[in-house]
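Me: Please take me through this model in plain terms. Begin with how its elements are assigned.

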Amino acid sequence: MADTQHTQDGRHPGGETHQVAGDGRPPLTTQQGVVVADDQNTLRIGARGPAALEDFHFREKIFHFDHERIPERVVHARGFGVHGYFENYEPLGDITIADPFQQAGQRTPLFIRFSTVAGNKGSPDLARDVRGFAVKMYTRQGNWDLVGNNMPVFFIQDAIKFPDLVHAAKEEPDTGFPQAQTAHDNFWDFASLMPESTNMLLWIMSDRAIPRSFRFMEGFGVHTFRLVNAEGRSTYVKFHWKPKQGMQSVVWNEALKINGADPDFHRRDLWDAINKGDFPEWELGMQLFDDDFADRFDFDVLDATKFIPEELVPVRRVGRMVLDQTVDNFFAETEQVAFCTQNVIPGIDFTNDPLLQGRNFSYLDTQLKRLGSPNFTQLPVNAPRCPMAHFQQDGHMATANPRGRANYEPNSWPPEQGGPREDPQHGYTSYPAVEEGEKRRVRSERFADHYSQARQFWVSQAPIEQRHIVDAFVFELSKCDRPDIRERIVSVLRNVDESLAAQVGDGLGLAAMPAPAVTARQPITDLPPSPALSIVGNGPSDFAGRKLGVMVTDGSDAGILSAIQDACDAQGVTVELVAPHITGVTLSDGNLVAADQKVDGGPSVLYDAVVLLGASDALSELPAARDFLTDAYAHNKFVGWVPSAEVLLEATNLKARLDDGFVLIAGAGDVDTFLTRCAKLRFWDRQLPAA
Ligand code: HDE
């Protein structure tokens, strides 16, 4: 923050000049600005004597350190934030007066924080989980927070169940584990007794829950919101973020290994991409509809366990989000950013979605607990960037204190002293929805169908994606100790799709299938597949933004390597060299190239595809080198290889199993063929041959 920074010559901004140390660095000071002479030794009485209480430097240093932590978020504790902007494509004044959507080309600065939900702050990035997708736009009409997820549906219909859901999903209260995973009895016990969570179960068991990177996943506002125009007309809207890089996920066995090899895999990916100028982009999409559609739709648009298929209501792309700047300080920005669903601006309003209504209470409440003062809005990452004036005052850490005489209203002080006034014309006006009904603890009958859309999601998946869903259910349920919980989930799945239930039952080794769970309403079984729901069907068109791992040894072909590097540069692909030593290898032309990773620190799970540009008998002896290849094979990756790498293919028994996912790079001319193949990202036929 500005007041703790030093200028180059050692002056505090606006303060006196301190003596500058010989090499030009500013002197170390206490928080009070007193220059420190010795930061190595506590003040003590005699060389072996007791410490003196008057050591204000020691006291201040330890005191501050002791108070460095703030409570982590109850959910979404593990997150990563960056800055960017939203650029609007065309004026949308006919639909909303919201500031970001008024002019073509208009840019609104924003901060985004991606997160996992269940894990603690230090948990690995590639947990199987929903990803938070929270965007704070600093508009000229105030801050607008769209606090979404990477899946368009949620586990529960009413916010009152949120504490139960989160308790069940996080660590069990007696043991304090497992960390960052739902693969335990408590979660599946709860889920098996909450039929409304079935749709979301399919989503979190799908590859959506293990994205390859934040850059390659979709985002959703989840709830139905309202857009309101100047005439006060309301249009319902569902918000979507569509990654321009295409969608991509990893496979589960890979996720498990990435968590060991690089627990920061997702944040590192985003950090690296932005800092090398490869700015990730998403398009903001809107599904716009009216009461007429809402009445006709098979489900209630206020029910957050349902999505609206894009094939029914098209997603209109209204602008793009570009992420172009990493944070200066993780704590100041990512940790202290405070998203609140109730941060809306004129032209954007809520609906009665019971989940959204509950969230509107929760977020403000949680920020006070976390940040410790109602003045969290004054922190730079949270402060609006438009003019702001009000009569709220004081409190812990108040730094933006108003000047002038009046701190109340109405008042009769002249304008320069009397403070701000309300503005009925431009101020936020709620949509005047007419509400009526009995005050009761009830839920609409229209929320009662829990299975039809889960089935629609299932039938929209490619066969390989269906296989992954089955495997994920089997994996998670196999971690449950109680057989009755496993069986209850299978009985729930029978209402979704018999073949899904049978495959999961088979994977669990059930002797007999349990009866289907009782349904509140007969599911609809003929909802058509929605192609937009498949990741494999919505991948990228090229290999740009991806990472290639090239294994090199002494004598590797310099010509092919430079062809790989040139082609990858041209296509926006990152190349990393993996070698027996970090110092590097001597290529065929006699030049020494440095390695990016030593072989055991650069497993193939960190790359989208690999090339074996060399191998030796000694290298093939290393388990890490063999894993490099066998994992790439097991994870259905494309493997380029040169004849001299054959020794590793033989050492791993893969020489006899070469398939179309292996590309022989006999010379520089084959590099393009290889990279073109890589655009498909995975050779799925290896795991599930096309029918
Ligand atoms: Fe949250 N959620 N949530 N949530 N949520 C929080 O706020 C809550 C829900 C989401 O990067 C908390 O600052 C309730 C749906 C994101 O800082 C808390 C309910 C969706 C983030 C909270 C929900 C989300 C949060 C914890 C049930 C997707 C991280 C810390 C009604 C649309 C934001 C905090 C960030 C964080 C409450 C359900 C998304 C406790 C009560 C549905 C992305 O306030």
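Reply: Helices (H or I, at least four residues) and strands (E, at least two) are DSSP runs, numbered from the N terminus. The model is predicted: local features need pLDDT of at least 70, side-chain atom pairs count only at 80 or more, and totals for chains, interfaces and linings use all residues. Residues are numbered from 1 along each chain as its sequence is written, and side-chain values use heavy atoms, without hydrogens or water. Counted this way, the protein has 18 strands and 19 helices.

Me: What radius of gyration does the protein have, and what would a compact globule have?
Reply: The C-alpha atoms fill a box of roughly 90 × 80 × 55 Å along the principal axes. The radius of gyration is taken over C-alpha atoms, and the globule rule is 2.2 Å times the number of residues to the power 0.38. Because the protein has 691 residues, the rule gives a value near 26 Å for a compact globule, and this agrees with the protein's 29 Å.

Me: Which element gives the most to the shell around the ligand?
Reply: The ligand is surrounded by 21 residues, where near means a heavy atom within 4 Å. Strand 3 (131–139), strand 4 (142–149) and helix 9 (354–371) each supply at least two of the shell residues. With six residues, the top contributor is helix 9.

Me: How far is an oxygen atom of the ligand from an N or O atom in the side chain of Gln 367?
Reply: A polar contact here is a pair of N or O atoms within 3.5 Å. Arg 113 has a polar side-chain atom 2.6 Å from a ligand oxygen, and Tyr 363 has one 2.6 Å from a ligand nitrogen. For Gln 367, the distance from a side-chain N or O atom to a ligand oxygen is 2.9 Å.

Me: How many charged residues are in the shell around the ligand?
Reply: Ala, Val, Leu, Ile, Met, Phe, Trp, Tyr, Cys and Pro count as nonpolar, Asp, Glu, Lys and Arg as charged, and the others, Gly among them, as polar. The shell has 10 nonpolar and eight polar residues. The charged residues number three.

Terms used
A polar contact is a pair of N or O atoms within 3.5 Å; within protein, one must be able to donate a hydrogen and the other to accept it, and residues adjacent in sequence count only if both atoms are side-chain atoms.
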